[in-house]
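Please examine the sequence and the structure shown below. A series of questions and answers on local features then follows.

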Amino acid sequence: MDLHPSKLHDVRGGVQEHINTLLMRYNEEFGGVVMCVGNFTVLSNQAPVNLYFPLFRVRVRAPVVVFTPQRGSLLTGRVTKVGTDFIGLLVLGVLNASIPKASVRPEFTCSRLAPLEWRSQKQPKHVIRVGSHVKFHVDKMQDPGGFFSIYGSLKAKGTGAIDFVGAGHLPRPPAEEETGHDGGEARQPKQSKAAKATKASTPHGPAHAPVSPVPATTPLSTVKQPSSQKMGSSDKKAKKDKKDKKEKKERKEKKERAVQ
C-alpha cells in the first residue's frame with residue numbers, strides 16, 4: 001500500500017484513510033466491489049521511498065469482503081424506482097442496479113397511470129412495483145467514475161418478483177398451509193417421512209399400542225379406531241353377557257330348590 005510521506009507520523013491512520021477510500025467501490029486488483037475490511041496489521045518495519053514517486057510503500061495484512069458478481073449471476077434486489085423504460089433496484093441495500101426495458105420479457109408491460117408498475121399479461125398476479133424484491137440475472141457491470149452499477153435482465157424464465165416466482169436457491173420458511181398463486185384452495189403440507197414411518201410401524205396388537213398420528217384438520221369422527229381397541233370392547237361385553245347368564249341360571253336353580 002502506497003502512502004504519502006505526510007503519514008509517516010501515523011502510519012496506521014494513513015492506512016485506515018486509504019482503506020476508507022476503497023469501500024463500496026469497484027477495485028480492479030480485487031476484481032469486485034470492496035464491501036468491508038477487517039482489522040488490519042502493518043507488517044513493514046521500514047518503508048523504502050520511491051525514487052520517481054513521492055510515496056512510500058508498506059505491507060498490510062487484512063481480511064477483505066469483496067462482492068464479485070459475474071455475467072449470468074443470479075441476484076436479488078429491492079425495487080426503488082419504476083419507470084416506463086426501466087426498473088431501478090438496490091442490491092445488498094447499497095449497490096445500484098437497473099433493468100432496462102429491452103431486457104424485460106415481452107409479457108411484461110408498464111402501466112400508464114401512477115403508481116407505475118410492471119405487470120405480466122400471462123400471469124396478471126405477477127407484478128413488479130416499488131418495494132418488490134426481484135430476482136434477475138446480471139447482464140453487465142459498469143464503473144463510470146468509480147460509481148459501480150449493475151445492469152440486469154428479466155429475459156429468463158424464473159426471474160421476476162420473488163413473491164410470485166419464489167426465492168429458488170433461498171430456503172422457504174415452513175408453513176402449515178400454502179395457497180396457490182391462482183388464488184385456489186389451500187393445500188395441506190406433505191406429511192414428513194418420520195410421520196409416515198411411525199404410521200407404517202404402528203402395530204395392530206395389544207390395546208396399549210401407540211396410535212398413528214392424525215392431522216389436526218381431520219375430523220375426529222372420520223378417524224378409525226385400531227382393531228385392538230374394538231377387540232377389547234367386544235371381550236368386555238362378552239364377559240358381561242356370560243356373567244349375567246350365569247347369575248340368572250343360579251337364581252332359577254335356587255328358586256326351584258325352594259319350591260321343592
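The questions below concern backbone geometry, ring pairing, salt bridges and surface patches.

This is a predicted model, in which local features need pLDDT of at least 70 and side-chain atom pairs count only at pLDDT 80 or more, while totals for chains, interfaces and linings use all residues. Residues are numbered from 1 along each chain as its sequence is written, and side-chain values use heavy atoms, with hydrogens and water left out.

Q: Which peptide bond to Pro115 is cis, and what is its omega?
A: Pro115 lies in the loop between β11 (108–110) and β12 (118–120); strands (E, at least two residues) and helices (H or I, at least four) are DSSP runs, numbered from the N terminus. The cis bond runs from Ala114 to Pro115, with omega near -5°.

Q: Is Met24, which has a positive phi although it is not a glycine, buried, partly exposed or exposed?
A: Met24 is placed in the loop between α1 (11–22) and β2 (26–27), and its phi is about 60°. Buried means under 20% relative accessible area, exposed over 50%, and partly exposed in between, with a 1.4 Å probe and protein chains only. At a relative accessible area of 38%, Met24 is partly exposed.

Q: Where is Leu92 found, and is Leu92 buried or exposed?
A: Leu92 is not a glycine, yet its phi is positive, at about 60°. The residue is found in the loop between β9 (86–91) and β10 (95–100). Its relative accessibility is 55%, so Leu92 counts as exposed.

Q: How many aromatic pairs does a search of the whole structure find, and are the rings of Tyr26 and Phe148 stacked or edge-to-face?
A: The search finds one aromatic pair. Rings of Phe, Tyr and Trp (its six-membered ring) pair if their centres lie within 6.5 Å, and planes under 30 degrees apart count as stacked, over 60 as edge-to-face and the rest as tilted. The centres of the Tyr26 and Phe148 rings are 5.7 Å apart and their planes are at 5°, so the pair is stacked.

Q: Which parts of the chain does the pair of Tyr26 and Phe148 link, and is Phe148 buried or exposed?
A: Tyr26 belongs to strand β2 and Phe148 to the loop between β14 (133–142) and β15 (149–153), 122 residues apart. Tyr26 is partly exposed, its relative accessible area being 32%. Phe148, at 8% relative accessibility, counts as buried.

Q: How many salt bridges are found in the whole structure?
A: A salt bridge is a side-chain nitrogen of Lys or Arg within 4 Å of a carboxyl oxygen of Asp or Glu. With this definition, the search of the whole structure gives a total of six.

Q: Why does the salt bridge of Asp139 and Arg71 tie together separate parts of the sequence?
A: The two side chains meet at 3.6 Å, N to O. Asp139 lies in strand β14 and Arg71 in the loop between β7 (64–67) and β8 (74–82), so the pair ties together parts that are 68 residues apart in sequence. Asp139 is partly exposed at 27%, whereas Arg71, with a relative accessible area of 67%, is exposed.

Q: Which residues do salt bridges that share partners join into one network with Glu117?
A: Glu117 forms a salt bridge with Arg119, the closest N and O atoms being 2.8 Å apart, and its side chain also meets that of Arg129 at 3.1 Å, N to O. The latter pair links the loop between β11 and β12, where Glu117 lies, to the loop between β13 (127–128) and β14, where Arg129 lies, twelve residues apart. The residues joined with Glu117 into one network are Arg119 and Arg129.

Q: Which residues make the nonpolar surface patch of about 530 Å²?
A: Phe53 is one of them; this residue is found in the loop between β4 (41–42) and β5 (56–57) and is exposed, with a relative accessible area of 53%. Patches are made of residues with over 30% relative accessible area and no salt bridge, with nonpolar side chains (Val, Leu, Ile, Met, Phe, Trp, Tyr) joined within 5 Å and like charges within 9 Å. The patch is made by Leu51, Tyr52, Phe53 and Leu55.

Conventions
Accessible areas come from the Shrake-Rupley method with a 1.4 Å probe; for residues, only the protein chains shown count as cover.
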